[in-house]
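I opened the model to look through its loops, domains and interfaces. My notes follow the order in which I looked things up.

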Amino acid sequence: MLENERQIAMTMKPHRVAQIFRARFARTAGIVYIGHLDLMRTFERVCRRAEFPILYSQGYNPRPSMVFALPLGVGVATTSDYVDIFLEERIDAAIIISRFNQFCPNGLRLLEGGYVSSDSGSLMAEVSAATYHIASPNIREYTEKLLQRDSIMVMKRSKGKMKEAEIRDLFLEVSQEESEPHSISITVLAGSSRNLRPDLFLEAMSELEAYPSIDKDNAMVTRTALFMGEYPHLEPLSKTYS
Amino acid sequence: MNENNSIHRVELSRGDLLSVENPARYVGGEWGEVIKSEMLRQLREEGTTSYLRFALCFPDIYEIAMSNLAMKILYKILNDIDGVACERAFSPWKDMDRLMRDKALPLFTLETRSPLNDFDVLGFSLQYEMCFTNVFQMLDLSGISFRASERSESDPIVVAGGPVVYNIEPIAEVFDLVFLGEGEEVLAEFMDLMKIYKASARTNEPMSKASLLKEASKLEGVYVPSYYSMDYNTDGTIKSIDTLVEWAPKSVRKRIISNLDCVDFPTNPVVPHTKIVHDRAYLELFRGCSRGCRFCQAGYVYRPVREKSIETLCGQGYELEAATGYDEIGVLSLSTSDYSSLPEFLDIMVEPFADRHTSLSLPSLRLDSFSLELMEKVSGTRKTGLTFAPEAGTQRLRDVINKGITEEDIMSSLELAFAGGWQRVKLYFMLGLPTETMEDVLGIAQIARRVEKLFFEVANREGLKRRKPEIVVSTSMFIPKPFTPFQWEAQDTIESLRDKQKVLAEALKSRNIKYSWHDLKTSVWEALLARGDRRLLDVLTDGYRQGLYFDAWDDCFRYEDWLRVLESHGLSLDFFGARSRGEEEILPWDHIDIGVRKSYLFHERAMAYQEKTTAPCHGGCRACGAAEYNTGVCHA
Ligand code: SF4
């Protein structure tokens, strides 16, 4: 009886068109040490506390609809990541940002954002490249040496098994700041098809170039940009809403 | 990560954090965390602070500690006091423990990463006996001596509270003082004393720890272990419990909150970043339970029953949901169905919560047609498993333990549930209860079989063909606990329990029934700790030194090693466990007063042996003694 009523109520619910708010966010401090699932849960709770009219997924166990551009590894900070938040109605971007920041834990922050049309491509599928800033002693010299190789083979976990993989062709660009002798920025392929995780890069350096493992473990890694488009015509994801 | 270099801070590198399981356990910074900025300023600028620094310690890992309601309550109560800064510290898991020892890093609080030695008070919340050795771990990692008598005036004051402190004797001498009962009021009073104590340290006449304890011992609910000594007979039983100072009361009475509407409840608790064991917000309905199950310590030590008013409850429920962002609110009490305004409460809460995609979870619900409808309402279309705890297999034995649930109750509610589409049922029982015979053990199988048969009958009748029930029977080993009518009972032996398990497993064989049981060795050790006396402290510290801790974790608990340590101290397991005590015997907790009289417990024990039940006290007072608190159900 009860169940039938609920079914009827569900089908009567007017079909809503989602308003997709694409936000750029940063994370620093202690909260960098949580995994992707925990980060998603944290975002959900912030949105609930901020009382955004979030759209929930249908089905057995409805969840707030949210899509992240690219999972962030444990220990990786970011100054430029993206999330799509699906809302039932449009709310002013400035209000979303300020309310989110009011209700979010230390270290997490929405920086900017805007609405994207609901027929624009999925955020995850758009991502093609990422830039990581890595601060660690002598990282420049070692990176140079590593990238002189024609082939960089590393052991990579895929579907539970360790497999050897070639990563040399995942590197797109390397840059460095004069003022920071012990840091480097690498731009690499990213996304669901081909992706280089920064820890794999550090791992390769330690395996192949004998980069000291204590430095490898303590390297400060920050994702500083996410791009769409094909190299060399990369465009920042923020293009999609601005 | 912090710019305040002048603040004494335990530094962990990125490599350290990434080398351990779930580093989120150690970083703090969660929503709802409280850091007193004025205290930070003082520390930074003056290197010292006028704030009373209280480290709230839980001797288990983050995910367990953060699931505990008492922790949330105390964190709020303490931080709401002006001039008090309460921070959290938990047991680091083995990987972090090793790392800290290797690098000589002290244990720290999550809020400011300060070492525990920097605090004025370390307050341990003790929820289960098996965590005792982790108290040593936390003190050890902080370089603090285990025994109160070995600590100096400059060491932190180490205190404890929680449900196991009603018999804290095995580790009583660790603590300067112990809070018996509910902490909200007495902790605030103690903090007032601490402020005087701390302020006096800056004067010419600093107050001594001894005088602090003397003042504190005047507060109701404060037990100072060093004021009591225990003398033993040659057979190991207690000869006398003596007071060592003239101002020590003969017995120390637990403290309770008379009106739950008048104390603050944490509606804005810390919301962990990472998934914890009970990942939901908690709403407390009432304290105490009037059913009087004779094996249940909580049923006696929390007396009398005191309810929160529905107004308070609903207000707190809304606040909690809004402030935390949790999508599940769990109600908490010893027996949800006994809350007098439960239907009204649910009428008010369920719909607005559902609109916000928030669910209510209702554990310890007695099942009847009303509650089934309820469960459907609160959990939507999800048909999760149903749980029953008949505890014993025959009506005779259920009468002995005063578990007021009949087989017919179970069958009639299951009939409704099966017809409504439920198919998963969990049945909880205890083995080794006083007076138990094989007939009682086989009675468990009979119930499970009846449930199985009932399912198919209902399925046929309702045309639910080809469906199968999933029945799980789970047994645990009965553990006699202090302050229950069974506190004098002998615990069954492992050998006898194994036989019973074997017989039961045989009788339960069916494709639709799964049988699971708790580890017996853990239960035997828990029984020893539960009724232990002060002679166990040497055993426990000795075992800890040999690497025995995290006993609450099955894969860490090393029973044989513990037995060896116990025997090396000339003590035997059977003395504490498999021995029944006489009425005249002095029990290690006889100087503790929970309000319920020992004579009442003994009377209840006699009733048990006569297989006579005692009705819940909301139908009429049984004169247990708790009426002296002048509140709750006793005065309804
Ligand atoms: S004094 Fe009476 S009413 Fe109060 S808890 Fe005891 S039996 Fe129940």
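I started with B:Ser152. I found B:Ser152 in the loop between helix H6 (132-141) and strand S4 (157-161) of chain B. Helices (H or I, at least four residues) and strands (E, at least two) are DSSP runs, numbered from the N terminus. The cut-offs are under 20% for buried and over 50% for exposed, with partly exposed in between (1.4 Å probe, protein chains only). I also checked B:Ser152 against B:Lys209: they are 57 residues apart in sequence and 8.9 Å apart in space, C-alpha to C-alpha.

A note on conventions. This is a predicted model, where local features need pLDDT of at least 70, side-chain atom pairs count only at pLDDT 80 or more, and totals for chains, interfaces and linings use all residues. Residues are numbered from 1 along each chain as its sequence is written, chains are lettered from A and ligands numbered from 1 in the order in which they are written, and side-chain values use heavy atoms, with hydrogens and water left out.

Next, chain A. The domain assignment, automatic or from a database, gives domain 1 (3-125) and domain 2 (127-236). I put their C-alpha centres 28 Å apart. In contact (heavy atoms within 4.5 Å) are 15 residues of domain 1 and 13 residues of domain 2. I found one salt bridge across this interface. The term asks for a side-chain nitrogen of Lys or Arg within 4 Å of a carboxyl oxygen of Asp or Glu. A:Asp81 and A:Arg223 form a salt bridge, with their closest N and O atoms 2.7 Å apart.

I then looked inside chain A, at helix H3 (residues 93-103). Which residues of H3 are buried? I listed A:Ile96, A:Ile97, A:Phe100, A:Asn101 and A:Phe103. They pack against strand S1 (19-27), helix H2 (36-49), strand S3 (77-87) and strand S4 (108-116) of chain A.

Now the two chains together. Chain A and chain B bury about 2800 Å² between them, 52% of it on carbon and sulfur atoms. Buried area is the accessible area (1.4 Å probe) lost on putting two parts together, summed over both. In chain A, A:Tyr33, A:Arg45 and A:Arg48 lose the most area to chain B, together 26% of what that side buries. I counted four salt bridges across the interface of chain A and chain B. A:Arg45 also meets B:Asp279 in a salt bridge (3.3 Å, N to O).
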